[in-house]
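Subject: Handing over the structure

Hello,

Here is the structure I promised to pass on. Please open it and keep it beside this email as you read.

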Amino acid sequence: MSEPTRRRILRHSALAGGTALAVATADAVPAFGRARPATAAVAAGRAAEGGLDAITVRPADSRYQELIRGTNQRWVGRPDYVRLVYSADQVVDAVREAVTAGKRVAVRSGGHCYEGFTTDPEIKVVIDLSELTDVSYDAGRRVFVVEPGAWLSDVYCALFKRWGVTLPGGSCPSVAAGGHIVGGGYGALSRMFGLTVDHLYGVEVVVVGKDGTVRKVVATRDSDDPDLRDLWWAHTGGGGGNFGIVTKYLLRTAGATGTDPSQLLPRPPAELLTSTVTWSWEGMTQAAFKRLVKNYGDWFAAHGTADSSCLDLFSQLKATHRSGGALLLVTQIDATRPNAQRDLDAFVAAVGKGVPVTPTTATQRLPFLHATRWPGFAGGDPTLRFEDKSAYMRASFPEDQLNAMYKHLTRTDYANPAALLLIAGYGGRINAVDADATAVAQRDSVMKLQYLAFWQDPAEDAKHLAWVREFYRDVYASTGGVPTPGRVTDGCFVNYADIDLSDPDHNKSGVPWHALYYKDNYPRLQKAKATWDPRGVLRHAQSVKPQA
């Protein structure tokens, strides 16, 4: 394969790993191109200056077109106005004004919602949190404070440069902390350190009471009040746009002691060893493809528990449509530990064992912050439209799933180099946490899958949607077209919102959408919803419904 061809494939298929209540987001979507939010340093400067007034942007304003859309260009809203806020008190004022006027509200932080939850025609006010970007340390509480508009790239940079710590979050640089954390949040360090919510100590949230009173509350895992503790718990994977508007995340690893901030969150590897292995579709028979994907699944099934070896190894297998030219295996491992190169080589050999196509391989040793921007995991084009569906895997791939994967990735009636199946390694220390300890119920899964297509022309929507839907339906044909919780699959990821899960034409399993996202944790989320958003001020097509 020529180097220009390899670069083209990487450019088309490089996706990132995980927006707050900016409502149901993404860990892996097109990343770049939107205006970069203010850095933490700028936000700190504003605080010193006394802050800025909130800004109301209406349709005649030149900024309006930028602020009514996110990264998925399929969804564009038409609210009466967008309120840009610079403080939690301004969020309170914005919510109070909208509630008093009877206007439907939506919230956006990074704009990475996979569905049109923030652009519904009934939404009249969008509260934009993208300027709430501070990353700081509160010595009194012994917590790191991350505001919802901070991009993950800026969160990693601030935490590491100032204190030498990090969060095990997603690898898409422009995803904001907002919905990423509340949805669970995972990324390249999660097999080592768990999910982002496993380090969530508390939240500051703007909520609306039954009488319409709008106020800020702080809920922590140490809250004495059980309702407040339920509010904290609901934000450990309950998804955006459900319970209130997060204005601050308070972060400290459970069990961390002392007052030294460098000991209160995970310390990442100083350097990562990265690898890109590329197999051409040319010569890739059905048997060879199935062997490659099954090898990958077998490895993570064998290394999915919290006491497994190589927890520092994270990988994505990107099986592009045949028109994309190649299948890519991108991997990172802690470069500073003994035998890192040996274990990386053994992993690559295990995935490629018995595959009669000779791959090309490129490796690189990168400092930690450089690795967070490595294009193997991060990248994308924010001018695109896309469709995404997800699945958790508890075991390796059965024969019927492998056959369906090959069928749709090699279809000759569909050609799109930016269409793919992305399989990410999962498990490890994620699976050391009980299923009900946080709202993320999938605590024994070993892989997470995305079925993706990207395109630009609105006239092609039907074609690309049909391919993704048919692909997904056929892979899970034995369970009603969706990955129901069971021996092999374990439902879907709430941050990869998928409205088709609510549609009986697409979900014929008899398992409701909320059981696919939340499993047995849904009733507790309903209780929190009834307590903290009884009027349903925050709602969308798949928001938590309060208990009757």
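In which loop is Pro-261 found? Pro-261 sits in the loop between strand E9 (245-251) and strand E10 (271-280). Before we go further, please note that this is a predicted model.

**Pro-261**

Stay with Pro-261 for a moment. Its relative accessible area is 16%, so Pro-261 is buried; the cut-off for buried is under 20%. Leaving out residues up to four places away in sequence, Pro-261 touches Tyr-137, Phe-144, Trp-163 and Val-165. Now find Gly-111. Pro-261 and Gly-111 are 150 residues apart in sequence. In space, their C-alpha atoms are 30 Å apart.

Next, take two asparagines in turn. Asn-72 lies in the loop between helix H3 (64-67) and strand E2 (81-84). With a relative accessible area of 2%, Asn-72 is buried. Its side chain reaches the backbone oxygen of Tyr-114 at 3.4 Å. Setting aside neighbours within four places in sequence, Asn-72 is in contact with Cys-113, Tyr-114, Leu-384, Arg-385 and Phe-386. So Tyr-114 turns up both as a contact and as the residue whose backbone oxygen is reached, given that a polar contact is a pair of N or O atoms within 3.5 Å.

Asn-416 lies in the loop between helix H12 (399-409) and strand E15 (419-425). Is Asn-416 buried or exposed? Asn-416 counts as buried, because its relative accessibility is 7%. Its side chain makes a polar contact with the side chain of Tyr-414, at 3.0 Å. A polar atom of the Asn-416 side chain also lies 3.1 Å from the backbone oxygen of Phe-454. Not counting residues up to four places away in sequence, Asn-416 touches His-321, Ser-323, Ala-453, Phe-454 and His-464.

**Ser-308**

Ser-308 is found in the loop between H9 and E11. At 14% relative accessible area, Ser-308 is buried. The side chains of Ser-308 and Thr-305 are joined by a polar contact of 2.9 Å. Beyond four places in sequence, Ser-308 touches Ala-302 and His-303. Compare that with Phe-289. Ser-308 and Phe-289 are 19 residues apart along the chain, and their C-alpha atoms are separated by 27 Å.

**Salt bridges**

How many salt bridges are there? The count comes to 32.

Start with Lys-294 and Asp-298. Their side chains meet in a salt bridge, 3.0 Å from N to O. Both residues lie in helix H9 (residues 286-302). They are four residues apart, about one turn of the helix. Lys-294 is partly exposed, because its relative accessibility is 29%. Asp-298 is partly exposed too, at 31%.

The second pair is Arg-337 and Asp-312. The closest N and O atoms of this salt bridge are 2.6 Å apart. The pair links distant parts of the chain, 25 residues apart. Arg-337 is in the loop between strand E12 (326-334) and helix H10 (340-352). Asp-312 is in the loop between H9 and strand E11 (314-320). Arg-337 has a relative accessible area of 22%, so Arg-337 is partly exposed. Asp-312 is at 6% relative accessibility and therefore counts as buried.

Glu-387 is buried, with a relative accessible area of 3%. Lys-389 is buried as well, at 2%. Which residues belong to the network around this pair? Salt bridges with shared partners join Arg-74, Glu-387, Lys-389, Arg-469, Asp-498 and Asp-500 into one network.

**The largest cavity**

Last, look inside. The largest cavity has a volume of about 140 Å³. Its lining is made up of 15 residues. Nearest its centre lie Gly-169, Ala-188, Leu-189, Phe-368 and Thr-372. What classes of residue line the largest cavity? Nine of the lining residues are nonpolar and six are polar.

Best wishes

Methods:
Residues are numbered from 1 along each chain as its sequence is written. This is a predicted model: local features need pLDDT of at least 70, side-chain atom pairs count only at pLDDT 80 or more; totals for chains, interfaces and linings use all residues. Side-chain values use heavy atoms; hydrogens and water are left out. Buried means under 20% relative accessible area, exposed over 50%, partly exposed in between (1.4 Å probe, protein chains only). A polar contact is a pair of N or O atoms within 3.5 Å; within protein, one must be able to donate a hydrogen and the other to accept it, and residues adjacent in sequence count only if both atoms are side-chain atoms. Contact means heavy atoms within 4.5 Å. A salt bridge is a side-chain nitrogen of Lys or Arg within 4 Å of a carboxyl oxygen of Asp or Glu. On a 1 Å grid over the protein atoms alone, a cavity is a set of points where a 1.4 Å probe fits but cannot get out, and a pocket is an open set with protein on both sides within 12 Å along at least five of seven lines; lining residues have an atom within 4 Å of a point. Grid points are joined across faces, edges and corners, and a volume is the space filled by probe spheres set on the points. Ala, Val, Leu, Ile, Met, Phe, Trp, Tyr, Cys and Pro count as nonpolar, Asp, Glu, Lys and Arg as charged, and the others, Gly among them, as polar.
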